[in-house]
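Hi everyone, thanks for coming.

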Amino acid sequence: MSAGGGGLGTPRALPSSGPRALRDMPHPLAASSSEEAASELTPSPDLLLPRSFADKDLSLPNGTPVDTSSPASSSSLLNRLQLDDDLDGETRDLFVTVDDPKKHICTMETYITYRVTTKTTRAEFDLPEYSVRRRYQDFDWLRNKLEESQPTHLIPPLPEKFVMKGVVDRFSEEFVETRRKALDKFLKRIADHPVLSFNEHFNVFLTAKDLNVYKKQGMALLSKMGESVKYVTGAYKLRSRPLEFAAIGDYLDTFVLKLGTIDRIAQRIIKEELEYLLELREYGPVYSTWGGLEMELAEPLEGVSACIGNCCTALEELSDDMTEDFLPVLREYILYSESMKNVLKKRDQVQAEYEAKLEAVALKKEDRPKLCLLFRRGMALPEVSNSSIILTVTSLEEAGRCEPPKIEVYLLEETKMSRLVGTVFLFWCPEYCTLEWSWLILRTFRWALQKCPVFG
Amino acid sequence: MERPEAEPLGASHSCQTGEAEPGTGPAEEEPGGAAAGTMMEDCLSKKIEITVSEAEKRTGRNAMNMQETYTAYLIETRAVESQTEGQCSPPDSLWRRYSEFELLRNYLLVNYPHIVVPPLPEKRAEFVWHKLSADNMDPDFVERRRIGLENFLIRVASHPIICQDKIFYSFLTQEGGWKEMVNETGFQLKADSRLKALNATFRVKNPDKRFTELKHYSDELQSVISHLLRVRARVADRLYGVYKVHGNYGRVFSEWSAIEKEMGDGLQSAGHHMDVYAGSIDDILEEEEHYADQLKEYLFYAEALRAVCRKHELMQYDLEIAAQDLASKKQQCEELATGTLRTFSLKGMTSKLFGQETPEQREGKIKVLEEQIHEGEEQLKSKNVESREFVKSAWTDIERFKEQKNHDLKEALISYAVMQISMCKKGIQVWTNAKECFSKM
């Protein structure tokens with residue numbers, strides 16, 4: 001079957017998809033970020049408990065709502081942390097479920113597959129319904145693909161990939177069920193995501209009968225691993241990290257630590273409760289035995305025994321609920337935080353690469369052709385603002401000290417990044433240092449630059 | 001006054017069947033309730049108020065002239081009437097130590113074997129869970145013992161029979177020379193030897209069935225209450241662990257709140273509630289110790305019940321031996337008189353071998369035997385009466401005890417339930433508060 005299954009072809013630019021034009025994005029190295037960016041980058045994302053956990057009469061604060069008009073803004077990175085996947089039901093047109101785990105035994109290995117069912121009215125999908133079988137590997141592939149194609153988005157976490165074979169039974173009902181629930185949540189989050197849900201890899205994942213064929217068309221595993229390794233490992237030498245990212249980094253470190261501690265405490269409580277339960281189970285029947293000896297006291301003693309029995313049942317339920325509802329949420333957020341730290345690392349890497357490139361460019365300016373030109377400091381260049389050439393000058397006074405005065409020519413690109421394309425050195429020539437002369441020479445120079453396709 | 005309910009231990013008016021052996025007449029069931037009711041009016045506890053109000057550490061020299069530390073308890077007594085008249089006369093008080101209480105109790109046990117004598121609080125701390133100290137000098141232990149001793153004195157004073165004992169009265173009122181007074185009564189000599197009692201238990205043939213049942217009951221009661229107390233201690237231990245671990249939440253929430261902006265306050269107050277929760281367990285378990293002490297009292301009461309049963313068995317055995325003795329003497333007499341040998345006897349053999357005795361000798365022997373028989377019959381009669389008296393009064397007291405037990409244990413269970421309810425309510429309160437904090441975040 002061809003890659004992507006029915007009607008995908010070239011990915012179209014969809015109305016609500018795709019990263020926003022970078023011109024609209026505040027430069028991370030900009031000294032003053034816009035107020036909007038600053039407020040959205042506050043280091044305290046709203047953590048919400050999933051609906052199922054809360055009481056019906058308690059209304060959980062919804063925090064910052066998902067901005068559907070400009071969803072791809074990278075400054076709304078943190079909004080992706082919201083667990084509130086109960087969007088208004090009417091706007092949802094894509095429903096995904098994971099269920100029906102089955103064990104497959106092959107010669108090489110044994111593994112579990114899950115049925116992924118999709119119901120949708122979207123045009124991007126050929127059929128209204130799909131049902132495919134996927135294994136954990138496939139989910140992992142999907143996640144990596146999403147990370148690659150939407151590097152600025154925070155992709156929801158997957159349940160733990162590796163389990164120690166000796167310690168945990170990978171095929172036990174409990175383990176499989178916990179995993180299934182987590183995978184279900186994962187897909188639902190993506191399906192509800194206004195940007196990620198339109199990702200072509202996601203589409204393929206939901207629809208392709210044989211995912212392996214499609215997978216092979218992607219990057220080779222090794223190089224992909226190499227890249228992800230590159231992203232994950234290594235600290236980058238940065239001149240300085242912008243304050244907000246540093247703050248987020250610090251926050252995340254502490255946050256993950258605290259969540260980890262809470263997780264451990266919760267587990268310890270469950271353990272203690274179970275031991276308490278054990279003793280209670282012995283305690284109750286003793287009252288019954290005593291009741292058997294007595295006449296008048298028989299009823300009250302039996303009553304006590306029954307009460308203790310009820311307590312045992314209730315305690316058991318409590319421990320189960322804690323394990324099923326509370327712990328997974330903590331673990332999820334720990335995984336989320338790890339994802340986010342990766343994103344920050346990538347950002348650091350991008351910044352480092354950028355800085356490296358700047359340095360490289362700075363070194364290259366030695367090779368540019370030299371022109372003689374006379375100039376004077378502090379001249380306004382009104383025409384330049386209309387064109388795409390910026391000229392900066394060093395003052396003649398400054399120039400005298402160590403190096404000759406120079407004009408640096410920057411080309412302002414569409415990306416609003418300015419590129420150094422040439423440096424012009426000046427000779428001091430007293431008889432020509434008049435404003436009029438300078439203007440004329442500059443204009444000539446500019447005309448020459450424009451005509452010459454030296455920078456492209 | 002009819003017995004209000006039929007209890008298995010008292011229901012059977014067992015008549016001793018089998019041989020028409022003298023000495024085991026039908027046990028009469030007399031309504032002791034009415035008598036006990038009127039006697040309550042005369043109880044010491046109605047006349048004076050007894051409290052053990054203080055405990056003090058003392059050092060002194062013991063019997064082997066070695067230095068030792070012990071605790072002394074202050075007993076205060078105050079006449080009840082003086083209070084109703086509006087006067088508040090100062091109480092009489094004196095100090096006693098635990099060993100003196102023990103002496104008093106032993107005296108009562110020996111002199112009133114048909115009474116279920118109230119037990120003392122435990123000598124050493126048992127059934128402790130790990131936070132509870134097993135040290136006799138521990139202030140909590142001393143405090144609980146003080147309450148137990150007070151309880152003991154009040155129980156004795158409320159008992160219609162033993163409250164009238166002079167030694168008991170002087171225990172409460174006479175500081176000096178009481179020990180000598182007790183020893184002078186020579187009660188230690190009256191005490192039955194353990195060995196004798198054990199022997200009787202094994203060999204007795206026809207004890208009153210009610211006492212046998214009672215003995216079984218007290219054995220089982222003892223075993224079930226010990227088991228209960230042991231498990232309860234373990235349960236308390238575990239519960240303590242659960243509560244205390246929640247205290248860790250308090251710390252983590254507090255640390256976490258430091259890095260949060262909007263959630264900071266909520267987390268901080270929730271953390272505070274967790275600390276409150278973890279701290280509440282100490283009081284809860286202290287209260288539960290009172291419940292355990294109430295159970296312990298009845299654990300020790302079981303021992304007192306057994307003592308009464310043992311006494312009965314001893315008396316019964318005595319009676320049986322005496323009857324047996326009498327029977328054999330009568331038989332001997334008969335044999336001598338008729339000259340026939342019914343059973344094989346050494347006498348018969350020797351007489352066969354060495355010749356028979358002269359008629360004078362025989363007459364002499366018969367006379368001696370007849371005297372002995374007469375004596376024996378008298379003795380047997382009195383023993384019989386004694387035994388019957390014992391059974392009657394013992395059973396009266398046992399019935400009284402049963403009522404007391406049912407009443408007390410019901411109260412204990414009720415207050416235990418109330419304790420549990422209050423504990424759960426507190427827990428609910430804490431968690432409701434925490435939930436509010438969380439929902440406000």
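**Charged pairs within and between chains**

Let's start with Arg97(B), which counts as partly exposed because its relative accessibility is 24%; here buried means under 20% relative accessible area, exposed over 50%, and partly exposed in between, with a 1.4 Å probe and protein chains only. Before going on, a word on the source: this is a predicted model, where local features need pLDDT of at least 70, side-chain atom pairs count only at pLDDT 80 or more, and totals for chains, interfaces and linings use all residues. Residues are numbered from 1 along each chain as its sequence is written, chains are lettered from A and ligands numbered from 1 in the order in which they are written, and side-chain values use heavy atoms, leaving out hydrogens and water.

So what does Arg97(B) form a salt bridge with? The partner is Glu68(B), and their closest N and O atoms are 3.1 Å apart. By salt bridge I mean a side-chain nitrogen of Lys or Arg within 4 Å of a carboxyl oxygen of Asp or Glu. Glu68(B) sits in strand 2 and Arg97(B) in strand 3 of chain B, 29 residues apart; strands are DSSP runs of E with at least two residues, helices are runs of H or I with at least four, and both are numbered from the N terminus.

Also in chain B, salt bridges that share partners join a network whose members include Glu122(B), Arg144(B) and Asp293(B). Over all chains, the search finds 50 salt bridges.

Now to chain A. Lys185(A) in helix 3 and Glu332(A) in helix 8 are 147 residues apart, yet they form a salt bridge at 3.3 Å. Is Glu332(A) buried or exposed? Glu332(A) counts as buried because its relative accessibility is 10%, while Lys185(A), at 25%, is partly exposed.

Glu316(A) and Arg281(A) also meet in a salt bridge, at 3.0 Å. Glu316(A) is in helix 8 and Arg281(A) in helix 7, so this pair ties together parts 35 residues apart in sequence.

Finally, the interface. Contact, meaning heavy atoms within 4.5 Å, takes in 39 residues from chain A and 42 from chain B. How many salt bridges are there between chain A and chain B? The count is six. In one of them, Glu255(B) meets Lys258(A) at 2.4 Å, N to O. On the side of chain A that touches chain B, helix 7 of chain A gives the most, with 24 residues.
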